[in-house]
Amino acid sequence: MIYTCTLNPSIDYIMHVDKFKPGGLNRAERTLYYPGGKGINVSRVLNQLSTPSTALGFAGGFTGEFIRSFLDEEGVSHHFIEIGEPSRINVKMKSGDETEINGPGPSITSAQQTELLSSIEKLSPEDTLVIAGSVPASLDKDIYLKIASICKQNNISLVADTSGAALKQLVGSPVMLLKPNHHELGQLFETNVTTKDDAVFYAKKLVEQGAKNVIVSMGGDGAVLVDSQRALLANVPQGQVKNSVGAGDSVVAGFLAGLSTGNNVETALRYGVAAGSATAFNDDLCKQEEVDALLQDIEVTGLN
């Protein structure tokens, strides 16, 4: 089983506003509501790709109920720990440029944190855990490192899609997959990663320090995958980008779905990039048929 962990889930409230005017009355032409959070996105895409998963994390209040009911309707398994405050709401306003206003995360008690860690300790060596997204201020700053330690002790495959201090803490842990974008990879090594060669060079450093696979999202330049044996580049297909939210999470889900069906790394990378691109071309996350339609436009080539 694949498990995903979202420490700070949300409702993503998307508003389409034509010609937004600051300080005045604006009317949205269209609004959309989705459960948000990187781990939840991974679970939703895995579900679309016929790969079962269970979403873990914290949820509370009327917003937490929305998240649970939405996932129930889609058939996504979940086991969220109930907290005493509503889960946050993030506003994504699309009016030419996209403006985001993310709500503050709720307070999580030490007992609730311990309950989550205990549930992770029950996973088996046949399981994969995806940790993704930000860490709420009320949790221990090294909670991802604690989770990585549990996974190491219990031989659980760990996938990490995070950034900043949380990503830096995980360097050196035995991780099956790290998936920074090129900006996050550059921040990690206090440099700018602007080319495919840069991405390969610094991704190799992460492999040398314990990561089995590293996928670096390069925006319109595609995605680079590095492991101990090779460096690969997958192009991205042509299309109109409508949505930046969830594209990277979809890459992770597509890659894991590809591996889970016995495909090799090259094919899994194609599947991941197809899923990420299909999400970028959508208002919501990708669907199976959209991913399949893009696969023929994606080529994977070797890099030196």
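Reader: What kind of model is it, and which pLDDT limits apply?

Author: This is a predicted model, in which local features need pLDDT of at least 70 and side-chain atom pairs count only at pLDDT 80 or more, while totals for chains, interfaces and linings use all residues. Residues are numbered from 1 along each chain as its sequence is written, and side-chain values use heavy atoms, with hydrogens and water left out.

Reader: Let us take α4. Which of its residues are buried?

Author: Helix α4 spans residues 143–153, and its buried residues are I143, Y144, I147, A148, I150 and C151. Buried means under 20% relative accessible area, exposed over 50%, and partly exposed in between, with a 1.4 Å probe and protein chains only. Helices (H or I, at least four residues) and strands (E, at least two) are DSSP runs, numbered from the N terminus.

Reader: Why do those buried residues line one face of the helix?

Author: Seen down the axis of α4, they fall within an arc of 160°, so they line one face. The arc is taken from the directions from the helix axis to the C-beta atoms. The face turned away from the buried side carries the exposed residues K152 and Q153.

Reader: What do the buried residues of α4 pack against?

Author: Their partners are α3 (110–121), β8 (128–132), β9 (157–161) and α5 (164–170). Contact means heavy atoms within 4.5 Å. Just after the helix, N155 takes a positive phi of about 55°.

Reader: On to the cores. How many residues has the largest nonpolar core, and which have the most contacts inside it?

Author: That core has 46 residues, and L129, I131 and I147 have the most contacts inside it. A nonpolar core is a set of buried Ala, Val, Leu, Ile, Met, Phe, Trp, Tyr and Cys residues joined through side-chain atoms within 4.5 Å. With neighbours within four places in sequence left aside, I147 is in contact with L117, I120, L129 and I131. There is also a second, separate core of 38 residues, which includes I2, L256, A275 and A278.

Reader: Where does T51 lie, and is it buried or exposed?

Author: T51 is found in the loop between α1 and β4, and it is buried, with a relative accessible area of 8%. Apart from neighbours within four places in sequence, T51 is in contact with I2, L46, A257 and S260.

Reader: Now the open space. What is the volume of the largest pocket, and which residues lie nearest its centre?

Author: The volume of the largest pocket is about 1,100 Å³. Its lining has 47 residues, of which K38, S244, G246, A247 and G248 lie nearest the centre. On a 1 Å grid over the protein atoms alone, a pocket is an open set of points with protein on both sides within 12 Å along at least five of seven lines, a cavity is a set where a 1.4 Å probe fits but cannot get out, and lining residues have an atom within 4 Å of a point. Grid points are joined across faces, edges and corners, and a volume is the space filled by probe spheres set on the points.

Reader: What does the pocket lining consist of, by class?

Author: It has 13 nonpolar, 25 polar and nine charged residues. Ala, Val, Leu, Ile, Met, Phe, Trp, Tyr, Cys and Pro count as nonpolar, Asp, Glu, Lys and Arg as charged, and the others, Gly among them, as polar. Elements that each supply at least two lining residues include β2 (10–16), α1 (38–48) and α8 (247–260).

Reader: How many cavities of 30 Å³ or more are there?

Author: The structure holds one. The largest cavity has a volume of about 110 Å³, and its lining residues include D12, Y34, R44, K92 and D283. By class, that lining has five nonpolar, two polar and five charged residues.

Reader: Which phi values do S50 and E190 have?

Author: S50 has a positive phi of about 60° although it is not a glycine. S50 lies in the loop between α1 and β4 (53–59) and is exposed, with a relative accessible area of 63%. E190, also not a glycine, has a positive phi of about 55°. E190 lies in the loop between α6 and α7 (196–208) and is exposed at 70% relative accessible area.

Reader: Last one: what does K196 touch?

Author: Not counting residues up to four places away in sequence, K196 touches M218, V224 and L233. K196 lies in helix α7 and is partly exposed, with a relative accessible area of 33%.
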